[in-house]
Amino acid sequence: MTLAYKRIGPIEDSKKISDAIFLSNRERKAHLGQFLTPPHVADFMAGLFSKHWTDIKLLDAGAGAGALTKALVCALCSSGHKPHQIHVTAYEIDQNLLPLLHKTFEECKTLCVRANIFFSASVLEEDFIQAAVPMIRDDLFFVESPDFNMAIVNPPYKKIRSDSQARLLLHSAGIEASNLYPAFLALIARLLVKGGELVAITPRSFCNGPYFKPFRAEFLETMSLRHIHVFDSRREAFKSEDVLQETVIVHAVKEAKKLSHVVISSSNGHSGNAIAERKVAYTDVVSPGDPNQFIHLMTTDEQTYAKSVICRLPATLDELGLIVSTGRVVDFRAKSYLRKQPGNGTVPLIYPCHFRDGFVHWPKVDSRKPNAIVCNEHTHDLLVPAGVYVLVKRFTSKEERRRVVACIYDPESISSPFVGFENHLNYYHIQGHGISMNLAKGMAAFLNSSLVDVYFRQFSGHTQVNASDLRTFRYPSVSTLEKLGNWYPKPGFSQEQLDKLVEGFLF
């Protein structure tokens, strides 16, 4: 529907509207994948647009109560380069938010009248994916897409089922996405005209991992990154929403040419707090030779240094002759074969709780997790033969100092012909068999270094360490790792001592 506007009284205090928004039902928002944007974040996003269009055609997909559009309209009305007119196309399916959205656009109209800018808006009460896919497919008899030259969006964050209508629609348009937010960004990028600008606030998870690789490939080819803002705190930017995942704000322009630098900024998310900002070479943010096209967010000199060191290391996993895999035992699927304590016909089952002082200590008598798994024809494929393995936790708690936590499974201290590694672990091996102890010690020391931790945090905004992430690392040579293994730290070795030891062998 297209809104007809009339003059209204003084603009209602935005905090009252914001409070009303946040009081809306949390369960409904979770179902829709909604996390509504706080006003100070919306203002920051609005300030990132850099082009001066005289005729603005703005897309706000998943508009909510209109906080993002209002922030942008406020910025444009006070700009030294005011546009002649602004037309907004807003999509919103939450009936509870529509009254607030209409009210916000009435306020935008009033602001624009005062600034001598013509304002119009269309509020479309329909699913953005269902509406946008036919536009980009150029379906027969479908209304032609507006020539959007600006887009501001806080897309919904929710997984898309593989058998859902949304997934099938996206696939028909050549878009592969397992979550709503990259699907929205991919569609928006296609709907923008050449030179059009996008500012979006999203989870940071698209920066790495295999699930987002198709999205990164298309987005980075189509769009030129200009500015990425990183929130130092997991909670503060969306404090009222209990959002725990790390979020970023991305500003990109639809053009193939990339600038020499990208601005990377960071803040803790509090309103009014300082923002640290630095220019980083585009090729350091997205390495030209990286087939995975991970996006590295370097906010400090320490992170820049860590990336330069890791990228100069001589070996890939293939060149080391090693493989990293995820533990085969998914405990809830193998529940009938798990045992609290070892006994006849069982072999060790290793969880992260068995990590201590760089080695696996098994069994753990007071553990809430099983210590053993039955060894028979039903579980044989879940086990690996006894040997030396380097294990890495797939999940770490927010309180742990490092994201990458490694230790060694030593068969000399655990007598068993086979062992099971639970699915919350990754393990390094040679074609399903163990590796030499010196190589294992060197690899564990390298992985436990602050250098690796700082590097990993550049492209991963969550506490999960996947095998696919570890495969992308560059590593020291076999000889360097084996020499490092000769000096593998004993219990009580501090992190600072370990870091000095590792750097001593790398330089």
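User: Which residues in H5 do Thr69, Lys70, Val73, Cys74 and Cys77 in H4 meet?
Analyst: Helices are DSSP runs of H or I with at least four residues, and strands are runs of E with at least two, each numbered from the N terminus. Contact means heavy atoms within 4.5 Å. In this predicted model, the H4 residues meet Thr104, Phe105, Glu107, Cys108, Leu111 and Cys112.

User: Which atoms do side-chain values use?
Analyst: Residues are numbered from 1 along each chain as its sequence is written, and in this predicted model local features need pLDDT of at least 70, side-chain atom pairs count only at pLDDT 80 or more, and totals for chains, interfaces and linings use all residues. Hydrogens and water are left out, and side-chain values use heavy atoms.

User: Are H4 and H5 roughly parallel or roughly antiparallel?
Analyst: Axes are lines fitted to C-alpha atoms over the stretch in contact, and angles run from 0 to 180 degrees between N-to-C directions. H4 (residues 67–77) and H5 (residues 98–114) pack at about 5°, with axes 10 Å apart. Angles under 35 degrees count as roughly parallel and over 145 as roughly antiparallel. H4 and H5 are therefore roughly parallel.

User: Is the crossing of H8 and H9 left-handed or right-handed?
Analyst: H8 (residues 180–191) and H9 (residues 213–222) pack at about 25°, their axes 10 Å apart. A crossing is left-handed if the near helix is turned anticlockwise from the far one by less than a right angle, and right-handed if clockwise. The crossing of H8 and H9 is left-handed.

User: How many charged residues are in the contact of H8 with H9?
Analyst: Pro182, Leu185, Ala186, Ala189 and Arg190 of H8 make the contact with Phe215, Glu218 and Phe219 of H9. Ala, Val, Leu, Ile, Met, Phe, Trp, Tyr, Cys and Pro count as nonpolar, Asp, Glu, Lys and Arg as charged, and the others, Gly among them, as polar. The contact has six nonpolar residues, no polar ones, and of charged residues two.

User: Which residues line the largest cavity?
Analyst: A cavity is a set of points on a 1 Å grid over the protein atoms alone where a 1.4 Å probe fits but cannot get out; lining residues have an atom within 4 Å of a point. The lining has six nonpolar residues, with no polar and no charged ones. The lining residues are Leu185, Leu198, Ala200, Phe206, Phe219 and Val250.

Note on methods
On a 1 Å grid over the protein atoms alone, a cavity is a set of points where a 1.4 Å probe fits but cannot get out, and a pocket is an open set with protein on both sides within 12 Å along at least five of seven lines; lining residues have an atom within 4 Å of a point. Angles under 35 degrees count as roughly parallel, over 145 as roughly antiparallel, 65 to 115 as roughly perpendicular and the rest as oblique.
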